[in-house]
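Q: I would like to go through the aromatic rings of this model. Could we look at it together?
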Amino acid sequence: LARLRLTLVGMDDLRREARKYEGEIESKLATFSKLGASYTRSAGSGTFESQDRLFDALTMELQMLLTKFARIHDDMVAVSAGDPSPSVQHTIARYGEILGDYEKEFHRTKHSIRQNRDRADLLGSVQRDIKSYQGSASRLDYYMQENRMISDSERATSDAISIAMSTKEALAAQRARLQKASSIISTLMARFPTLNSIMHKVHLRRRRDSMILAAVAALCIFLIFLYASPR
């Protein structure tokens with residue numbers, strides 16, 4: 001069957017078929033080469049599911065296209081067995097070089113994409129670890145700040161309670177001293193009635209002297225105004 005097909009298919013038909021696969025392979029290789037950059041852009045998301053699916057699909061499609069292109073090249077060699085003309089041999093050699101270039105580009109790009117994926121995976125892991133650490137650090141700072149505020153509040157409350165207790169004790173001591181002094185005075189007044197009478201007289205005398213001094217001061221002021229007023 002293969003010999004019958006080669007008999008019916010000429011070199012021109014094989015060249016047309018090869019050119020068709022050339023366009024498809026170059027288009028797939030261009031898409032394939034752009035796939036590596038998409039891994040880097042998705043490094044922060046931590047998932048490469050869509051890129052991995054596209055990688056697997058393109059890899060399979062390119063392998064099939066390269067296999068078909070290699071089969072066409074083999075058919076060209078078989079067809080040219082009876083035609084050693086330089087143009088035919090040049091065509092076969094050129095398509096052999098094209099096939100070799102496509103295969104090298106395919107394997108080089110596939111290897112580069114895998115390296116990009118590994119780097120993106122590592123970068124994404126580092127970024128996630130940094131974000132996790134920053135989140136933990138922010139929560140730790142928040143808890144430490146809350147702890148400081150609680151400690152300051154407890155310290156202020158303790159100081160206020162200490163001041164209140166000290167004030168209470170001072171007032172109680174002062175009250176006790178006043179009660180003691182009042183008790184002593186009451187005892188003395190009850191024991192020495194004459195002393196009470198003397199103190200009463202002293203108080204009256206002081207009051208009288210104050211009234212006299214006030215009257216004298218008022219008279220002096222009146223005389224000063226009277227003297228100073230224009231006549």
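Q: Is Phe106 buried or exposed?
A: Phe106 counts as buried because its relative accessibility is 2%; buried means under 20% relative accessible area, exposed over 50%, and partly exposed in between, with a 1.4 Å probe and protein chains only. This is a predicted model, in which local features need pLDDT of at least 70, side-chain atom pairs count only at pLDDT 80 or more, and totals for chains, interfaces and linings use all residues. Residues are numbered from 1 along each chain as its sequence is written, and side-chain values use heavy atoms, with hydrogens and water left out.

Q: How many aromatic pairs are there?
A: The count comes to four aromatic pairs, where rings of Phe, Tyr and Trp (its six-membered ring) pair if their centres lie within 6.5 Å; planes under 30 degrees apart count as stacked, over 60 as edge-to-face and the rest as tilted. One of them joins Phe32 and Phe106, stacked at 5.8 Å centre to centre with 20 degrees between the planes.

Q: Where in the chain do Phe32 and Phe106 lie?
A: Phe32 is in helix α2 (residues 11–41) and Phe106 in helix α4 (residues 86–191), 74 residues apart. Helices are DSSP runs (H or I, at least four residues), numbered from the N terminus.

Q: Which residues make up the ring cluster?
A: Ring pairs link Phe32, Phe55 and Phe106 into a cluster.

Q: Which charged end sits over the ring of Tyr95?
A: That of Arg94, 4.5 Å from the ring centre; the rule asks for NZ of Lys or CZ of Arg within 6 Å of the ring centre and within 35 degrees of the ring normal.

Conventions:
Helix = DSSP H or I, 4+ residues; strand = E, 2+ residues; numbered from the N terminus.
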